[in-house]
Amino acid sequence: MTDTVSGVAFLALSFATIGGAVMMLATRNVVHAAFWLLEVMLATAGIYLLLSAEFLALVQVLVYAGSVAVLLLFTIMLTLRRREDAVRDFEPGWGSVVIVALFGGSLLFAIQRFGAQMRPGTMPETVPDVAAFGETLFTQWAVPFEIASLVLLVALVGAVWWSGGDGS
Amino acid sequence: MTLLQPVGALSFMTLAAVLFSLGLYGALSRKSTVMVLMSLELMANAININLVALSRFSAPAEMTGQIFAVFSMVVSAAEIGLGLALVLALYRQRKTVEVDAMQELKG
């Protein structure tokens, strides 16, 4: 692994990410939007690889590109009565455009303004591998890990409870 | 600064800021509940990029950012599962997924 991030790879992946997000919001078909979200998640996995976070890239592909995309597509299909309902009216929402432009502008300004304090371009060379990541996760962060699995269990049971058929 | 130079943490933060803004726009402007949930996922994704990038550029040996990103992924996966279950439950009662149809508690 090199000690810098290649500008070409970063540009290509960030174009894929932002372009996918723009297309997700621009398309009027909900099913197409779900597939654009899938593309954004895959490009994000590539960005994690650039940052030498291999485990996170794997988890991103498995969880987001795999299960979340399938979950979204199933929900879209279950809540559409006709095929034509997938195509929605154009919803520009000019008020939210103004709010988001202000928010994003101030965010970018803050990054440019206060980012000068960070050393640009250089990257620490030593990168722990996946084995070191697992060791840290299961020793130093073992209790939060167990709590996280409890959160997932409760969320699973709650989702089954809410969406369950003839229960209530 | 040419385009082909190695990029630093600022570029990743800018990317995450743009992604977050796009997700915020979607969450504010869409009228379909599923689209709102997808935009929320976009925002969570931007935050994860920020966590991983800052961890990589400042202190990669501790991996705190990566661990936080894992927990953040757990929470957002639970959130999307519960959100979609809620959408299905509401659809069963109302036969619609429009946000505008769910305003009974509006003051």
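Predicted model: local features only at pLDDT ≥ 70, side-chain atom pairs only at ≥ 80, totals over all residues.
Biologist: Into which domains is chain A divided, and how many Å separate their centres?

Modeller: Chain A is divided into domain 1, residues 1-87, and domain 2, residues 128-168. Taken over C-alpha atoms, the separation between the centres of domain 1 of chain A and domain 2 of chain A is 22 Å.

Biologist: What percentage of the residues of chain A count as buried?

Modeller: A residue counts as buried when its relative accessible area is under 20%. Chain A has 168 residues, and the share of them that count as buried is 34%.

Biologist: What area do chain A and chain B bury between them?

Modeller: The two chains meet through 80 residues of chain A and 72 residues of chain B. In chain A, the residues that lose the most area to chain B are A:L25, A:E91 and A:W162, together 10% of what that side buries. Carbon and sulfur atoms carry 78% of the area buried between chain A and chain B, which comes to about 6800 Å².

Biologist: How many residue pairs are in polar contact across the interface of chain A and chain B?

Modeller: Salt bridges between chain A and chain B number zero. For polar contacts across this interface, both residues must have pLDDT 80 or more. The number of residue pairs found by the rule is seven.

Biologist: Which helix of chain A gives the most to the side that touches chain B?

Modeller: Helix 1 (7-26), helix 2 (30-50), helix 3 (54-78), helix 4 (94-114), helix 5 (130-139) and helix 6 (142-163) of chain A each supply at least two residues of that side. The one that gives the most, with twelve residues, is helix 3 of chain A.

Biologist: Is B:F20 buried or exposed?

Modeller: B:F20 lies in helix 1 of chain B, residues 9-29. Its relative accessible area is 18%, and the cut-off for burial is under 20%. B:F20 is therefore buried.

Biologist: Which residue of chain A is in contact with B:F20?

Modeller: Neighbours of B:F20 within four places in sequence are left aside here. Within chain B, B:F20 is in contact with B:M43, B:A46 and B:I47. B:M43 is 23 residues from B:F20 in sequence, yet their C-alpha atoms are 4.7 Å apart in space. From chain A, the residue in contact with B:F20 is A:F103.

Notes
Residues numbered from 1 in each chain as written. Chains lettered and ligands numbered in written order. Heavy atoms only, no water. Buried < 20%, exposed > 50% of the residue type's maximum accessible area, 1.4 Å probe, protein only. Domains from an automatic or database assignment. Contact = heavy atoms within 4.5 Å. Buried area = accessible area lost by both parts, 1.4 Å probe. Salt bridge = Lys/Arg side-chain N within 4 Å of Asp/Glu carboxyl O. Polar contact = N/O pair within 3.5 Å; in protein donor to acceptor, adjacent residues only side chain to side chain. Helix = DSSP H or I, 4+ residues; strand = E, 2+ residues; numbered from the N terminus.
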